[in-house]
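Please open the structure in your viewer and keep the selection panel at hand. Each stop below gives a selection and then describes what is found there.

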Amino acid sequence: MEKAVFLDRDGVINDHVRYVNTPEDLILFEEAGDAIKRLNDHGFKVFVVTNQGGVGLGFMKEEMLQNIHDKMITELKKDGAVIDDIAYCPHKPKAGCACRKPEGKMITDLAGKYKINLSESYMVGDRDTDILAGKKAGTKTVFIGKYEPGANHSTKSIGSAVDWILDNTDKK
Ligand SMILES: [Mg+2]
Ligand SMILES: [Zn+2]
């Protein structure tokens, strides 16, 4: 069984000042590549789990989402960082689907596919729905933002989230 870090996309890997509907809208945080590479180097699988309701709402075609993710992978690769897989929910926010966070299905499906031990894994996100999804799936949780009482840890960025995860893991 492997351990993993599940990353929300918008507001964690890339700046979320505006909706990301084209590759040009995707602006990665400068520290994202280094942070993900450190997870790779410490034996974590790294996954992205992202709600993309804009697809279901008709703001973005699924092919465009693929282009956006291709750019993300290419940009991260420049820093030597690898995303092992990406799961996204394309459904409308109010569709009541099984996958949209705060549901945990995107996480548990990836865990099944890659044989991940969820109790030794982490969900990192900037919304309470990310934290809820992680808890439902059985991961530890890191909130990026001011403070989220439900999370195991709150911090300011993906870089400091990874610092905490690696500290927390090495202590065991
Ligand atoms: Mg987010
Ligand atoms: Zn869905």
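This is a predicted model: local features need pLDDT of at least 70, side-chain atom pairs count only at pLDDT 80 or more; totals for chains, interfaces and linings use all residues.

Residues are numbered from 1 along each chain as its sequence is written, chains are lettered from A and ligands numbered from 1 in the order in which they are written, and side-chain values use heavy atoms, with hydrogens and water left out.

**The zinc ion**

Select ligand 2, the zinc ion, together with Cys-89 (SG), His-91 (ND1), Cys-97 (SG) and Cys-99 (SG), its protein donors at 2.0 to 2.3 Å. Donors are N, O and S atoms within 2.8 Å of the metal (3.2 Å for Na, K and Ca); water is not among the atoms, so sites may look incomplete. The arrangement is tetrahedral because the 4 donor atoms subtend angles of 102 to 117 degrees; for four donors, the term requires all angles to lie between 85 and 135 degrees. Along the chain the donors follow the spacing C-x1-H-x5-C-x1-C.

**The annotated site**

Next, select Asp-8, Asp-10 and Asp-126, where UniProt, in an unreviewed entry, places the feature "binding site"; such annotations may be inferred rather than shown by experiment. These residues spread over 119 residues of sequence, yet they cluster in space, with a largest C-alpha distance of 8.2 Å.

Now centre on Asp-10, in the loop between β1 and α1. Helices (H or I, at least four residues) and strands (E, at least two) are DSSP runs, numbered from the N terminus. Asp-10 has a relative accessible area of 11% and is therefore buried, a term meaning under 20% (1.4 Å probe, protein chains only). Among the residues that Asp-10 touches are His-16, Thr-50 and Asp-126; contact means heavy atoms within 4.5 Å.

**The nonpolar cores**

Select Leu-7, Ile-13, Ile-36, Val-124, Ile-158 and Ile-165, the residues with the most contacts inside the largest nonpolar core, which has 32 residues. Such a core is a set of buried Ala, Val, Leu, Ile, Met, Phe, Trp, Tyr and Cys residues joined through side-chain atoms within 4.5 Å. Helix α6 gives the most to this core, with 6 residues. A second, separate core of 16 residues includes Ile-107, Leu-110, Ala-133 and Ala-137.

**Pro-23**

Finally, select Pro-23, in the loop between β1 (4-7) and α1 (32-41). Pro-23 counts as buried because its relative accessibility is 15%.

Note on methods:
Buried means under 20% relative accessible area, exposed over 50%, partly exposed in between (1.4 Å probe, protein chains only). Four donors count as tetrahedral if all angles lie between 85 and 135 degrees; four count as square planar and six as octahedral if opposite donors are over 155 degrees apart and all others between 65 and 115; anything else is irregular. Lists of a residue's contacts leave out its neighbours within four places in sequence.
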